[in-house]
Amino acid sequence: MTEIELPRTFEEFNDQRKASFIKVKNYKQAGGKLIGFLCSYTPLEVMDAAGAASVALCGMSDETIPAAETVLPANLCPLIKSTYGFALTDKCPFTYFSDMIVGETTCDGKKKMYELLNEIKKTYVLHLPQGQGRSYEADMWYEDVKLFRRHLEEFYGIEITDDDLRAAVRRRNRLRRALASMYDLQRAEPPAMGGVEILSAIQASTFSFDIEDYAAKIEVLVEERHAALERGESPIDKNAKRILITGCPMGGVINKVGRTIERCGGVIVCSDDCSGERTNRMLIDENAPDILRAISDRYLRINCSVMTPNDGRLENMMGMCEKYHVDGVIENVLTACHTFNVESANVAKTCENAGIPYMKLETDYSQSDAGQLETRIAAFIEML
């Protein structure tokens with residue numbers, strides 16, 4: 001087998017990043033398949049059934065944004081710039097060692113960035129409908145998922161059987177049930193965990209090469225935290241204000257927004273972003289006659305702001321506010337994310353009509369506004 005090479009700049013990396021590169025290199029050297037993806041709409045079960053590990057490649061740091069801005073416009077979403085920057089600079093081990101990257105036609109910025117990303121790493125783009133309500137949209141997405149299945153079969157020289165897909169569905173369902181059980185603990189007053197810990201656990205699940213192993217770890221964590229609740233123990237102050245976080249993916253602002261909320265007297269009891277409870281509650285029928293159709297239908301139901309209309313997101317958010325006895329809603333909008341920014345008007349109106357305090361934060365991955373955000377968050381939580 002040909003020796004897999006590390007990037008030229010490997011010696012410049014810190015120890016943690018070097019360790020990640022070595023871990024992924026060893027996985028690939030042992031014959032492992034690796035696919036990077038960018039979005040919750042990506043049908044992970046199809047990649048699982050191909051025998052490939054899948055890792056989320058969304059950039060979550062401003063470290064590589066200056067490099068990205070040598071190619072991309074500065075007034076672009078930080079997630080897009082960071083993702084492209086890590087590919088451009090070879091600083092992300094998962095991007096560097098991926099066999100391919102799977103993108104999708106969600107926002108305009110991402111789908112045009114993928115054309116440039118394809119010059120660095122083979123990038124396959126899923127064509128997503130812009131809505132969910134018309135019959136042909138579900139059919140269109142099903143056909144595109146079928147094309148994706150065929151593409152992976154040709155790329156790896158394999159056959160992906162329906163049995164492979166069902167086994168993949170069972171594994172993913174187990175992980176989603178475990179994550180949903182973790183959220184259920186947050187219904188307690190006070191909740192069992194800090195929201196930052198949950199957000200970090202969900203984020204870590206997207207970097208695990210072994211789905212069942214990670215599901216087992218979450219199941220053990222849930223058992224431990226449930227037992228602590230039974231003993232009347234919680235790490236959260238009983239007076240902490242219960243916050244639902246919604247909007248853009250939280251990965252790049254967990255510290256700046258998430259930790260600030262919990263440092264200022266709040267606790268994130270649930271998250272309504274694309275990787276939070278909203279999507280992890282959505283299971284797939286393991287016994288569906290057409291298992292690929294069941295997979296495609298599940299992913300199309302994800303209520304992202306790129307869909308129009310997107311009433312399902314608002315209905316789900318209100319249901320979560322009631323279920324978790326939320327004191328307030330904080331919406332996180334990344335700079336230049338136009339779909340979430342425009343949709344925030346409907347989110348604010350929905351919260352106002354329900355009598356739930358709401359605050360919108362518009363930010364990026366830098367620390368330049370950290371002080372201002374802390375002031376606003378502290379004032380909002382004090383007002384609750």
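Colleague: Which residues in helix 9 meet which residues in helix 11?

Modeller: Gly195, Val196, Leu199, Ser200 and Gln203 in helix 9 meet Ile254, Gly258, Arg259 and Glu262 in helix 11. Contact means heavy atoms within 4.5 Å, and helices (H or I, at least four residues) and strands (E, at least two) are DSSP runs numbered from the N terminus. The model is predicted, with local features taken at pLDDT of at least 70, side-chain atom pairs at 80 or more, and totals for chains, interfaces and linings over all residues. Residue numbers start from 1 along each chain as its sequence is written, and side-chain values use heavy atoms, without hydrogens or water.

Colleague: What makes helix 9 roughly antiparallel to helix 11?

Modeller: Helix 9 (residues 195–205) and helix 11 (residues 254–263) pack at about 150 degrees, with 9 Å between their axes. The axes are lines fitted to C-alpha atoms over the stretch in contact, and the angle, from 0 to 180 degrees, is between N-to-C directions. Over 145 degrees counts as roughly antiparallel (under 35 is roughly parallel, 65 to 115 roughly perpendicular, the rest oblique), so helix 9 is roughly antiparallel to helix 11.

Colleague: Why does Arg17 count as buried?

Modeller: Buried means under 20% relative accessible area, exposed over 50% and partly exposed in between (1.4 Å probe, protein chains only). Arg17 is at 19%, so the residue counts as buried. Arg17 belongs to helix 1 (residues 15–29) and touches Glu63, Phe86 and Lys91, leaving aside residues up to four places away in sequence. Lys91 is 74 residues from Arg17 along the chain, yet their C-alpha atoms are separated by 8.2 Å.

Colleague: And why does Asp90 count as partly exposed?

Modeller: Asp90 has 22% relative accessibility, so the label is partly exposed. Asp90 sits in the loop between helix 4 (78–89) and helix 5 (93–97). Although not a glycine, Asp90 has a positive phi of about 60 degrees.

Colleague: How do you know that strand 7 is mostly covered?

Modeller: Seven of the seven residues of strand 7 are buried. Gly328, Ile330, Asn332 and Leu334 point one way, and Val329, Glu331 and Val333 the other way.

Colleague: How many bridges join strand 5 to strand 7?

Modeller: Five bridges join strand 5 (residues 241–247) to strand 7 (residues 328–334), and the two run parallel. Two strands pair if DSSP finds at least two bridges between them, so strand 5 and strand 7, with five, qualify as a pair. Ile245 has Ile330 as its bridge partner in strand 7, and Ile330 stands opposite Met359 in strand 8. Strand 7 and strand 8 are joined by six bridges and run parallel.

Colleague: What makes strand 6 and strand 8 edges of the sheet?

Modeller: The four strands form an open sheet in the order 6-5-7-8, with parallel pairing. Strand 6 (266–272) and strand 8 (358–363) each have a single partner strand, so one side of each lacks a neighbour in the sheet. From one strand to the next the twist averages 30 degrees. Helix 16 (residues 370–383) packs on the sheet, touching strand 5, strand 6, strand 7 and strand 8, and its direction makes about 170 degrees with that of strand 8.

Colleague: Which residues have the most contacts inside the largest nonpolar core?

Modeller: Leu152, Met182 and Ile261 have the most contacts inside that core, which has 121 residues. A nonpolar core is a set of buried Ala, Val, Leu, Ile, Met, Phe, Trp, Tyr and Cys residues joined through side-chain atoms within 4.5 Å. Helix 8 (residues 162–184) gives the most to this core, with eight residues.

Colleague: Why does this core lie between domain 1 and domain 2?

Modeller: Domain 1 (10–160) and domain 2 (164–383) both give residues to the core, so the core lies between them. The bounds come from an automatic or database domain assignment.

Colleague: Which peptide bonds are cis?

Modeller: One of them joins Glu189 and Pro190, with omega about 0 degrees, and Pro190 is in the loop between helix 8 and helix 9. Another runs from Thr308 to Pro309, with omega near -5 degrees. Pro309 is in the loop between helix 13 (291–300) and helix 14 (311–323).
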